[in-house]
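This briefing is intended to be read beside the sequence and the three-dimensional model. Selected features are grouped by topic below.

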Amino acid sequence: MKTTTINKSRLQFNMKNLGKVLIFGAFTLGTISCSREDLMLEPENNITQTSFYTTELQIQQALSGVYSAMINASSRGGYDVNFYLLASEVRSNNYTALSQNGNRDYYAINRFQDNSTTEEMEVLWEDAYQMVTYANNILVRIDNVPFASEATKEQYRSETRFLRAYAYFELMRSFGKVPLIEKPVSPTEAAAIPRTDLATLYNFVTSELEASVAGLKNIHDAANKGRITKSAAHAMLGRIYLTGSGYPLNNGSYVAKAKDHLFAVIQGEGQSVTWSPNYADLFKSTNDNKYHIFEIQHISGGLSQGSYLPSYVSPNFGTTDPLYNPQSSLYSSGELGVSQSLVNAYEPGDLRKAVTVKTQFIAQNGLVDNANYFIKFREPGKVITNRYDWPINFPIIRYEDVLLMYAEVLNTQGSTSTAVPYLNRIRQRAGLAAISTSISAADFTTALRKERRVEFAGEGIYWHDLVRWNTGVAVINQAAAALNYNFTITTNDYLYQVPLSQIQIAGYDQNP
């Protein structure tokens, strides 16, 4: 973080300004991201084990390191690129990978050609277990650290438990069964821990999040914006319970639990959560930590805390294009494009389309190139030091997601007419006509699923929706056939292959 204000009563840090303290906190944790040789869950840095985690300030710095694991965990970028773009959005029919240039992982993922040696699978595994490692190191030691305020200690503990549970949830969605490791262990010990069944993992992450709620704050002051709140915990629990109620766990008892937590968020509107009357305002860096419930923090300025995502999805613009930036583009439009299926999913007059996707741009040769690409996280006129330096935060959970999940639960429970206003609120902000409260439950399901696709396009939500609804096989196979792709998928393709390196070391069974 650029600055850290320390006073006698409270430690404060601005989550948006990630600079020296965060980097120091991550450094003192040790270089512990999971290597390709083992899980590497306990840092072997002698300074870390004997000198760190002994003061309130050091716990604060260590917690900064847990947060930082989402930001720039690998050479590809942070969680926004790895979990939400490459492993989720690109997996869905929102994207069309058009070229194998450089044997890119996104092509294999989009065409369902990935396997246990695909590098992205290794990245997902390592990134999530890095966060687990950082969190475990705090949780095993925090009880022995003196704090000026027990409330602050419990807050830090709760934030850490939240982040660890969140990392496991992303692992579960990517790989299904994964090793459950709740304390620092040696590489040898880690390799002996088997993959844990899905029901046990769900019980763990939900119990951890349930336990974290009491210790979290309702809101944070300006110096601490971006830190986890009670609303974030309730929203995450709503998402996890709703996911667990669907495929493959199909735990029907989770629906009511999802409803309770989602409603807890809705009750806080105007106090702990804020509704934006303008869709475009959701995706401006000037509004970071204003509208979203839980977001990945980014800042430009060459601090290695910027976002990679806008450059991953942007073509190489020509100098006369309004979105041109000399440092901004990574891929050409011929490699990774937005599907025509997504473009066609927008109703006429939908205000979200122009914010999310463009269908033509001015190329480097000065000519108009008719190609679809995402612009949701790209800000015209932003000065960045390189193509990995975009300042805009990435939303992990938006308030709109909570509203639509809640509407989905109401409809599932037979209260369709009560669910309609939540869906209409989203539609009317987008400039679309309201749907009738007399709509059938089946037609409401169709409308809601379409709405979720266009509302959250580019945010890594749609693929996970397809999986939990168990519609992914039909949707992807239909899209592949329409594009003359030579593949079909089964429910086995909902999960990624466990990295081969982990199987070789620990002897895990492989996903089918």
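**Briefing on selected features**

Ile 299 counts as buried because its relative accessibility is 9%, where buried means under 20% relative accessible area, exposed over 50% and partly exposed in between (1.4 Å probe, protein chains only). The model is predicted: local features need pLDDT of at least 70, side-chain atom pairs count only at pLDDT 80 or more, and totals for chains, interfaces and linings use all residues. Residues are numbered from 1 along each chain as its sequence is written, and side-chain values use heavy atoms, with hydrogens and water left out.

**Ile 299 and strand 6**

- Ile 299 is found in the loop between strand 6 (292-296) and helix 12 (309-312); helices (H or I, at least four residues) and strands (E, at least two) are DSSP runs, numbered from the N terminus.
- The C-alpha atom of Ile 299 is separated by 7.0 Å from that of Ile 392, although the two residues are 93 residues apart along the chain.
- Five of the five residues of strand 6 are buried, so this strand is largely enclosed by the rest of the structure.
- Strand 6 pairs with strand 12 in the antiparallel sense over four bridges; two strands pair if DSSP finds at least two bridges between them.
- Phe 294 has Ile 397, in strand 12, as its bridge partner.

- Glu 159 lies in helix 7 (residues 150-175) and counts as buried because its relative accessibility is 0%.
- Leaving aside neighbours within four places in sequence, Glu 159 is in contact with Leu 63, Tyr 67, Leu 216, His 220, Arg 227 and Ile 228, contact meaning heavy atoms within 4.5 Å.
- Helix 10 (residues 230-245) has 16 residues and reaches 22 Å from its first C-alpha to its last, close to the 22 Å expected at 1.5 Å a residue; the expected span is 1.5 Å times one less than the number of residues.
- Helix 10 is largely enclosed by the rest of the structure, because 16 of its 16 residues are buried.

**Aromatic rings and charges**

- The model contains 29 aromatic pairs, counted where rings of Phe, Tyr and Trp (its six-membered ring) have centres within 6.5 Å; planes under 30 degrees apart count as stacked, over 60 as edge-to-face and the rest as tilted.
- Tyr 202 and Tyr 254 form a tilted pair, 6.0 Å centre to centre with 45 degrees between the planes.
- This pair links distant parts of the chain, with Tyr 202 in helix 9 (residues 198-212) and Tyr 254 in helix 11 (residues 254-266), 52 residues apart.
- Both Tyr 202 and Tyr 254 are buried.
- Phe 377 and Phe 394 form a tilted pair, with 5.3 Å between centres and 40 degrees between the planes; both residues are buried.
- One aromatic cluster is formed by Phe 112, Tyr 247, Trp 463, Tyr 485, Phe 487 and Tyr 494.
- Arg 429 lies over the face of Trp 275, at 4.2 Å from the ring centre; a charge sits over a ring if NZ of Lys or CZ of Arg is within 6 Å of the ring centre and within 35 degrees of the ring normal.
- Arg 141 lies over the face of Tyr 53, at 4.7 Å from the ring centre.

**Backbone features**

- Tyr 53 is found in the loop between helix 2 (46-51) and helix 3 (56-68), and its phi is near 60 degrees, a positive value in a residue other than glycine.
- Tyr 53 counts as buried because its relative accessibility is 3%.
- A cis peptide bond, with omega about 5 degrees, joins Tyr 247 and Pro 248; Pro 248 lies in the loop between helix 10 and helix 11.
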